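Please consult the sequence and structure shown below alongside the text.

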Number of protein chains: 2
Amino acid sequence: MQAEACIINSSVNQYWLTGFIFNGYILVYQTGESLLFVRRPHTLSGENIIGIRKPEQIPDILREIGLTIPKKVLLEIDTISYSTAVRLQAALEMPEIGNISSDIRKIRSVKSEYELNQIRESATIHTKVYELIPSLYHKGMTDVELQIEIERQMRLHGSMGIFRSFGENMDIFMGSMLAGDNAQTASPFDYALGGGGISPLLPLGANGTLLTPGTTLMVDMAGNYRPNMDDMSRTFVIEHAPEIAYKAHQVSLDIIHTLEASTKAGVSCAELWHQAEKIVKENKLEPYFMGTEQQAKFVGHGVGLEINEPPVLTPRSKEVLETGMAIAIEPKFVLPGIGAVGIENTYIVHDDRLEKVTLYEEALGILI
Amino acid sequence: MQAEACIINSSVNQYWLTGFIFNGYILVYQTGESLLFVRRPHTLSGENIIGIRKPEQIPDILREIGLTIPKKVLLEIDTISYSTAVRLQAALEMPEIGNISSDIRKIRSVKSEYELNQIRESATIHTKVYELIPSLYHKGMTDVELQIEIERQMRLHGSMGIFRSFGENMDIFMGSMLAGDNAQTASPFDYALGGGGISPLLPLGANGTLLTPGTTLMVDMAGNYRPNMDDMSRTFVIEHAPEIAYKAHQVSLDIIHTLEASTKAGVSCAELWHQAEKIVKENKLEPYFMGTEQQAKFVGHGVGLEINEPPVLTPRSKEVLETGMAIAIEPKFVLPGIGAVGIENTYIVHDDRLEKVTLYEEALGILI
């Protein structure tokens with residue numbers, strides 16, 4: 001739909017456009033300056049900032065300052081509630097609602113140097129926190145107990161706690177740790193792997209599994225040390241692990257190193273999936289790739305202000321990598337009776353190569 | 001709108017109706033059995049559970065099993081995205097969308113004994129964690145550093161981390177701690193008080209303020225130890241505080257004890273606000289009540305699966321307390337140059353009284 005304006009009300013896109021978050025609406029005209037209609041905080045002021053109590057005031061305000069009331073407006077309909085969208089439609093007397101959600105996500109997927117530096121900085125801190133993991137572990141711990149100590153270190157290193165995701169099935173708290181067969185538990189949420197969690201209100205991730213010698217622990221805690229995030233997973237064995245864990249982990253490394261070497265701007269996302277799948281098949285590990293009971297048919301995704309941005313590295317993707325994108329590649333296997341193995345790195349896409357930003361040791365770590 | 005069915009897709013209401021969460025839809029007919037259409041996890045099975053890949057399959061499935069396709073359906077339009085609502089409308093060929101959000105919230109506001117016991121249990125653990133606060137403090141700490149140690153204890157005591165809220169302006173991470181003049185900072189979010197936060201992506205709560213002798217610290221960390229939550233705030237002085245802090249805190253105690261004594265089922269929510277306001281005015285503390293720059297015109301709210309449930313204790317509320325409701329009452333003052341003081345307790349409403357469930361010491365605590 002060809003539109004005269006769009007209205008932005010999601011926190012993530014408000015931050016992306018202005019550098020801050022408020023309760024209200026950004027009205028972006030196709031041409032001309034944007035206006036910020038702010039309900040809260042009352043203290044926010046500045047050029048183009050107009051305090052309102054409710055969206056129904058917007059048309060009168062526009063008339064007063066001599067601006068046209070746009071008839072065709074795009075909203076963030078993938079995130080805005082139906083109630084709020086319909087209320088805005090009535091308030092602005094809009095005959096039709098169009099969608100700006102996916103276009104904004106596509107534009108946001110190519111980052112500025114400022115944003116890419118946030119991702120690099122976040123990854124550097126992320127690596128420092130992961131370096132502490134062996135010293136945070138002690139024998140007899142559960143996955144949850146170790147996660148709590150990692151969470152504390154994350155916060156002490158500047159993690160703001162929450163991290164943002166897109167979509168209605170992305171609940172999570174600070175990341176995911178999967179020990180032993182909890183890695184096989186299917187979750188309702190749209191993450192690569194699952195886990196049972198510790199509450200029926202958040203069935204994902206660590207579930208209180210004792211960290212038992214001979215099993216593995218996959219650590220996929222958030223890299224939210226800057227507004228633009230990185231994503232990194234690493235696997236540890238508890239004391240020792242069966243040969244198959246090392247073998248499958250090595251296949252994950254082979255996949256990610258193959259993809260690293262062959263990928264640059266212009267490569268199609270589907271191609272990344274197919275390269276990964278080929279190596280999985282050569283090693284006859286299909287039943288374990290990206291889950292067992294419930295398998296995720298993707299091998300990576302964009303990262304930025306949200307943890308799950310475009311492009312998505314799936315077999316049917318039509319997207320092509322562009323310079324300035326940031327993507328996480330995460331080939332993982334779930335081995336029954338052992339746990340998850342594999343790796344996840346974040347990369348920045350350049351004209352001629354991928355730049356790896358998550359630099360923690362990639363081999364299986366050992367917790368003793 | 002008189003409807004033939006409603007569709008529930010929010011996690012909170014799925015849990016409320018079934019005891020678990022899934023990616024999919026509960027179709028509740030006005031009469032007859034409900035059906036669960038489940039996308040994820042694939043492993044979920046049982047009576048009335050039907051696996052689907054997409055909502056467009058629902059009409060054919062209903063025809064196959066001999067059920068009518070409802071033409072008038074209520075959706076949770078206050079939480080469901082516009083895109084998803086319109087997709088469901090098209091998939092089910094619904095001429096009209098009605099709203100079930102507010103009715104469900106109203107029904108949920110009166111709890112079962114099972115739910116009330118969860119709130120009592122959560123409050124007991126919440127109290128135990130608050131008892132640790134003086135021992136977690138040391139001189140020279142910032143609000144964030146102390147909060148991190150409290151977060152760790154919360155998690156060790158079973159907090160699931162995230163807590164659920166209703167509405168589009170309720171971002172938060174594990175609770176709020178406000179030290180000194182950070183309590184005056186207006187926030188975009190719909191909480192009683194504000195605070196600047198440590199990231200522009202989450203402008204709320206602790207901002208790294210040094211805990212300085214002569215100032216106060218208000219602790220309002222989550223009581224999410226059970227799916228149904230409690231809500232409790234307590235105030236600490238750092239070593240000592242000016243007389244006005246003690247005086248204003250005592251007014252908060254006077255308010256909450258007056259409300260405690262006069263409240264039971266049948267009392268109107270507006271009446272609670274007016275009682276509180278009267279005491280505030282008698283003490284000439286209006287400019288500091290519930291904020292300074294930005295004042296919240298309410299003195300409490302329902303709690304349960306979400307932290308902000310109906311009823312809301314505002315001057316214009318038309319709601320009346322009912323037996324089985326759980327409400328938080330939180331008279332608070334923000335004192336420039338000192339910080340926030342006051343208290344918040346959670347109560348269960350009975351026919352003849354309020355039952356207080358948050359039992360940590362109410363006087364100003366001292367951190368030394």
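Two residues are in contact if their C-beta atoms, placed from the backbone, lie within 7 Å. On that basis, 65% of the contacts in chain A with a separation of 6 or more are between residues 24 or more positions apart. The model is predicted, and the points below are grouped by topic.

**Chain A as a whole**

- Nine helices and 18 strands make up the secondary-structure elements listed for chain A.
- Along the principal axes, a box of roughly 75 × 40 × 35 Å holds the C-alpha atoms of chain A.
- Buried residues account for 53% of the 368 in chain A.

**The α8–α9 pair of chain B**

- Helix α8 (residues 243-262) and helix α9 (residues 269-282) of chain B have axes that come within 10 Å and cross at roughly 145°.
- The crossing of α8(B) with α9(B) is right-handed.
- On the α8(B) side, the residues that meet α9(B) include B:Val251, B:Ile255 and B:Leu259, and their counterparts in α9(B) include B:Leu272, B:Ala276 and B:Ile279.
- This contact of α8(B) with α9(B) comprises six nonpolar, three polar and one charged residues.

**The contact between chains A and B**

- Chain B contributes 47 residues to the contact and chain A contributes 48.
- On the side of chain B that touches chain A, α1 (11-18), α3 (82-91) and α7 (143-156) of chain B are the elements giving two or more residues.
- Of these, α7(B) gives the most, with five residues.
- By class, that side of chain B has 25 nonpolar, 14 polar and eight charged residues.

Definitions and conventions:
Residues are numbered from 1 along each chain as its sequence is written. Chains are lettered from A and ligands numbered from 1 in the order in which they are written. This is a predicted model: local features need pLDDT of at least 70, side-chain atom pairs count only at pLDDT 80 or more; totals for chains, interfaces and linings use all residues. Helices (H or I, at least four residues) and strands (E, at least two) are DSSP runs, numbered from the N terminus. A residue is buried if 20 or more other C-beta atoms lie within 10 Å of its own, exposed if 12 or fewer, and partly exposed in between; C-beta atoms are placed from the backbone. Axes are lines fitted to C-alpha atoms, for helices over the stretch in contact, and angles run from 0 to 180 degrees between N-to-C directions. A crossing is left-handed if the near helix is turned anticlockwise from the far one by less than a right angle, and right-handed if clockwise. Ala, Val, Leu, Ile, Met, Phe, Trp, Tyr, Cys and Pro count as nonpolar, Asp, Glu, Lys and Arg as charged, and the others, Gly among them, as polar.
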